[in-house]
Amino acid sequence: MGKYTLTKVLETGNAVIDKEHRELIDAVNRLMDACSEGKGRASMDETTKFLNNYVDQHFTHEEQLQQRASYPGVRAHKLFHEKYKQTLKEITGRIAANGPNIADLGKLNAHISVLISHIRTEDKKLGAFLNK
C-alpha cells in the first residue's frame, strides 16, 4: 500500500488545519505500516485509538473555526464529520478485534481516500473562506 502525503494540492492555506492534516496523515501511515508489518495487537490498538482520537480532535477544531467565522457550509461539514467518525470507529474496531485482514484494510484504505477527497474539496473551500 502506498503512503499518503499532504501534497500542495491538499493544503488549505490555513496553518492550523494543514498542520493537523499532516499529523492525521502520519497517523494513517503508521496504522497502515503496523497492519502490513503484522505488528502486535498492542501496537495496532494504540495506533487505532490515536487515529480515532485525532480525527475527533481535528474535526472539532475545524467545526470551531467554522462557527467562529460563520462559515455557510458548517452544517453539511459537521454531518460529514459525524458519519466519517462513526465509520472509522467501525472499521478500526474490526481491525483491532480480528487483526488486519484484506477486506478490512481495503475498507480502511477506501475510507482514507474519502477523507483525502474531502480535504481536497471541502477543506480547501473552508481554507479559502477563512483566508478572506
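In which loop is Ser70 found? This is a predicted model, and in it Ser70 is found in the loop between α2 and α3, the latter spanning 74–98. The phi angle of Ser70 is near 50 degrees, a positive value in a residue other than glycine. Ser70 counts as exposed because its relative accessibility is 57%, and the cut-off for that class is over 50%.

The helices on either side of this loop can be taken next. The axes of α2 and α3 come within 10 Å and cross at roughly 175 degrees. The two helices are therefore roughly antiparallel to each other, the threshold being an angle over 145 degrees. The residues of the contact between α2 and α3 comprise 10 nonpolar, 8 polar and 8 charged.

Helix α2 (residues 41–68) also packs against helix α1 (residues 15–36), at an angle of about 160 degrees and with the axes 10 Å apart. That angle makes α1 roughly antiparallel to α2. The crossing of α1 past α2 is left-handed. On the α1 side, the contact residues include Ile17, Leu24, Val28, Leu31 and Cys35; on the α2 side, they include Met44, Leu51, Tyr54, Val55 and Leu65. By class, the residues of the contact of α1 with α2 are 13 nonpolar, 6 polar and 4 charged.

In soluble globular proteins, nonpolar side chains tend to be buried together. The largest nonpolar core here has 26 residues, of which Tyr4, Leu51, Val55, Tyr84, Ile95, Leu108 and Ile112 touch the most other members. Two or more residues of this core are given by each of α1, α2, α3 and α4 (102–130). The largest share, 8 residues, comes from α1.

Tyr4, leaving aside its neighbours within four places in sequence, is in contact with Ile25, Val28, Asn29, Met32, Asn109, Ile112, Ser113 and Ile116.

Ile95 lies in helix α3. Is Ile95 buried or exposed? Ile95 is buried, because its relative accessible area is 0%, where buried means under 20%. Not counting residues up to four places away in sequence, Ile95 touches Cys35, Met44, Pro100, Asp104, Leu105 and Leu108. The C-alpha atom of Ile95 is separated by 23 Å from that of Thr5, a residue 90 residues apart from it along the chain.

Notes. Residues are numbered from 1 along each chain as its sequence is written. This is a predicted model: local features need pLDDT of at least 70, side-chain atom pairs count only at pLDDT 80 or more; totals for chains, interfaces and linings use all residues. Side-chain values use heavy atoms; hydrogens and water are left out. Axes are lines fitted to C-alpha atoms, for helices over the stretch in contact, and angles run from 0 to 180 degrees between N-to-C directions. Helices (H or I, at least four residues) and strands (E, at least two) are DSSP runs, numbered from the N terminus. Angles under 35 degrees count as roughly parallel, over 145 as roughly antiparallel, 65 to 115 as roughly perpendicular and the rest as oblique. A crossing is left-handed if the near helix is turned anticlockwise from the far one by less than a right angle, and right-handed if clockwise. Contact means heavy atoms within 4.5 Å. Ala, Val, Leu, Ile, Met, Phe, Trp, Tyr, Cys and Pro count as nonpolar, Asp, Glu, Lys and Arg as charged, and the others, Gly among them, as polar. Buried means under 20% relative accessible area, exposed over 50%, partly exposed in between (1.4 Å probe, protein chains only). A nonpolar core is a set of buried Ala, Val, Leu, Ile, Met, Phe, Trp, Tyr and Cys residues joined through side-chain atoms within 4.5 Å.
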